[in-house]
Amino acid sequence: MDKALTNLGGRRVFWCLVSACAAVALILAASVLCVALLPAALWTGTLLYALVVALALFNARKKLPFLPLTRASTWLQFHVYVGWLAVLLFFLHAGFHWPHGRLTQVLAVVFMFVAISGVVGLALTRWIPGRLTRSGEALTYERIPEIRGDIRVKVEALITAADRESESSTLGDFYLNHLLEYINWRPGILATPFGDQPRHREIVGTLSTLDRYFNPRERELAAELREWIDAKRNLDNQLVGQRLLKLWLFLHIPASCSLILLGLVHGLIALRYTRGF
Amino acid sequence: MATPDSAPARNPVTTGSTASPAGSGVPESGSGMRIPRPQRWSVPFSDRMNDQRVESLLATPAFSKVDASRFPPQLPLHGVLKNDTKIRSFEEGDIIVREGDYGNSAFLILSGKVKVVLNSLPARLLGRRTSEKKTLFGSIAQLWRNCKVPEARSLAANTLELENRATAQAKIRVGRESRPHVFVQDLSHVMPAHHSVTLAEGELFGEIAAIGRTPRTTTVLAEGDVELLEIRWQGLRELRLFAPAWKEHIDRVYRQRALNSHLRETPVLSYLDPDAIPGLAAQTQFETFGNFDWTTSFQKLASASGRERVEQEPLIAREGDYPNGLILIRSGNVRLSTTYNHGERTISYLGKGRCFGLEEILHNAGNPTPIPLRHSLRAIGYVDILVIPTAVFEAVVLPTLTAERLKDLGLAAALPGKTVEAPVEADSKLGADMLEFMVENRFINGAATMLIDMDRCTRCDDCVRACASTHDGNPRFIRQGPVVDSIMVANACMHCIDPVCMIGCPTGAISRDSIQGQIVINDSTCIGCSTCATSCPYQNIHMVPIRDMGGSFILDEKTRTPIIKATKCDFCIEQLGGPACVNACPHDALARVDMSDVDFLSEWTRR
């Protein structure tokens, strides 16, 4: 078995050391170029563009799983650490000040957006999975609407049973006045993942206060209902968490493509004025 | 070790299928439908066996000298022949037994002759899938060659007559028994290129693989019209137990063909003089525990409590008993457990090649204060064991085990003068919950179990997409499954050590790859009978209707129903880069784990 799969700490140290060495080398090289009155911006810009293209290849690798191109996890490590080096190189290239030209300003904004979305995405991929696991049953994102429908059907069957078996409308009224809306509610795009869900808390609180009106059979059904309410909370958590894990890529990847195009234009313009072709 | 007196489980006849209702909590009377309690022979091996056929069998030389009075009243010889055997007919070239297959029966030749091929026949002759790595261009070509239609197959390969399907030389035909099977065309032209032996009337073959649950070592073909008596393993077990001539024959063949080499491969016996091995083999006992087709009982127990499931597992050796022999696990898996209050706590699991009771025997040798067995040993599924009696071990093996050699074997704790302590076992490495979960669900059977660390998995489905891309657009696993301690065991073929899915495939379409060891399906020879999918205890084989390239279902011309095929993970055996699912995971959340490697498993789950 591959030791790299188990020694993740060792791998992290290796990549950190390599990145740190590369960062020092980049700073020294940029200083030398400046001192030697060589076109440092041209060299750093060319290298930065090459790095950005190399970083974008990670997505291309995902489309070619049948080729022996080493593990995607190795590519991701490369993507993360080289990404940090690209940020350093960007500042070295820009001279640690805000650019003056319109195109370069747009380019800087797009670069920062790509870098920040990448860092946020990395943080999300480290933060969300564990919470999704602890939230409850693992659900497939595409099946969430179907499961939501299933929960509703099961809850309605319970309410019907309560109405029939207990000759009491307590649970039926609760369903119509509170629960139905909660079951149909879907967390918005900006919903906080895994926080204290006020709606869930409220609905559970209401159900608890109804306990005084229940007969023993209703109490049994209410306990079962509580499980479905918790299942709905897990469903919402899974939806919000998994949606976030997919959404950030929808921002990061198109922005990266824009960056490559804008970078190309910027490079051609820069070359036009420095070399005169 | 449990003695015959103290543990009926040591008697294989009584293991597995009987369960006392006492204490089960089932009411004695109820309003449900009442049926006779299912008995051992409620479902005979064949409906066609009748008293007349049994009488004619009893008159054959193989059974005429068997003393029927030695059989117990509940298992008479007549009953064994009537219920555990069936008469099979084959034509010239029919493959009766295929090298590498897992079979659960032996064959007695009633009339005609068979050819035993001593060297391996090419996979294409056996109707097997020939797995070759794709070329670099072939790999890249998947970009545009992958079909948009799910489960699409070339129409040309599926609309031909059944007899002309399959591979170039191995063909499928429906024989006299109305069962499709593979046969070799032009046997007389094929055979001269291969070494073979002819077996004639009255000879037995396939008995070692049937009893030992090991793959068939040779291929056997029908030479002309042949009539055989197929004896399922339960019947063979009875014949071995109660017919001395049968026992002598089977044991002799077993010792000659399998036992010596197995003993030689056992680490603790590696210091023995090679000339001493046959003598040791002569005194070694071998036994089998559990059900051959354990899938059925496993599925029935799915809803039972952990305690009930443990109690259903046949006991091989009991904690507290005197260690009267060194137990070597020859095939299958066993549970090592210890008494914990009112139940049994799993300590570890052992697989092929591991031994049990060694520390105790080493400790007790010449020691005035002997210790009993510290753990119980139970069969998980079907287990084949060897027992070297303690006295024989002490006389033959112990003198070869010096202190240095014991240290090399990792048995320093058993050196004279040292206290035998509980070894660092799987429960302390994996955690009790994880260990119980893996053992109870029999995931320990996997040689390439797909585990997903749900704390790292971002649910991106890159693994599923990669799998689909490498299998013509069809994913061969489902990213779902039970989760324990944030580790998911996904619905993907585990390429089991004990591949029960391979038992009963009528055409041998499902087989173990001879080079890499994965379980693969030959799509051309799969007839869609679902035997493998039903047998798989983990529901990792899926039957799918196939379509033509235009997306229409390919239909059976007679019944007008879709042709179905068995599909499953093939571990990307033809891909250049290995399993695409593992390679595609950016977060190292997915691994294919050999469950016998507890060290890797514990390191991976605790990284």
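## Chain B at a glance

In this predicted model, chain B has 607 residues, and 44% of them are buried. Its secondary structure comprises 21 helices and 22 strands. Among the contacts in chain B with a separation of 6 or more, 76% are between residues 24 or more positions apart.

## The domains of chain B

Chain B is divided into three parts: domain 1 (49-127 + 170-242), domain 2 (250-423) and domain 3 (432-605).

Domain 1 and domain 3 of chain B have their centres, taken over C-alpha atoms, 32 Å apart. Their contact takes 14 residues from domain 1 and 14 residues from domain 3. On the domain 1 side, strand S5 (residues 180-184) of chain B gives the most, with three residues. By class, that side of domain 1 has six nonpolar, four polar and four charged residues.

## Where the two chains meet

Now to the place where chain B touches chain A. Here 34 residues of chain B are in contact with 22 residues of chain A. Four helices of chain B each supply at least two residues to its side: H4 (136-145), H18 (462-469), H20 (580-584) and H21 (598-605). The side of chain B that touches chain A divides into 15 nonpolar, eleven polar and eight charged residues.

## Two helix pairs in chain A

In one of them, helix H1 (residues 8-35) of chain A and helix H2 (residues 40-62) of chain A have axes that come within 9 Å and cross at roughly 150 degrees. An angle over 145 degrees counts as roughly antiparallel, so H1(A) is roughly antiparallel to H2(A). From H1(A), the residues Ala30(A), Leu33(A) and Cys34(A) meet Ala40(A), Trp43(A) and Thr44(A) of H2(A). This contact has five nonpolar residues, one polar and no charged.

In the other pair, helix H6 (residues 170-184) of chain A packs with helix H7 (residues 198-209) of chain A at an angle of about 160 degrees, and their axes are 10 Å apart. H6(A) and H7(A) are therefore roughly antiparallel to each other, and H6(A) passes H7(A) in a left-handed crossing. Phe174(A), His178(A), Leu179(A) and Tyr182(A) on H6(A) meet Arg199(A), Ile203(A), Thr206(A) and Leu207(A) on H7(A). The residues of this contact divide into five nonpolar, two polar and one charged.

Technical notes
Residues are numbered from 1 along each chain as its sequence is written. Chains are lettered from A and ligands numbered from 1 in the order in which they are written. This is a predicted model: local features need pLDDT of at least 70, side-chain atom pairs count only at pLDDT 80 or more; totals for chains, interfaces and linings use all residues. Axes are lines fitted to C-alpha atoms, for helices over the stretch in contact, and angles run from 0 to 180 degrees between N-to-C directions. Angles under 35 degrees count as roughly parallel, over 145 as roughly antiparallel, 65 to 115 as roughly perpendicular and the rest as oblique. Two residues are in contact if their C-beta atoms, placed from the backbone, lie within 7 Å. Ala, Val, Leu, Ile, Met, Phe, Trp, Tyr, Cys and Pro count as nonpolar, Asp, Glu, Lys and Arg as charged, and the others, Gly among them, as polar. A residue is buried if 20 or more other C-beta atoms lie within 10 Å of its own, exposed if 12 or fewer, and partly exposed in between; C-beta atoms are placed from the backbone. A crossing is left-handed if the near helix is turned anticlockwise from the far one by less than a right angle, and right-handed if clockwise. Domain bounds come from an automatic or database domain assignment.
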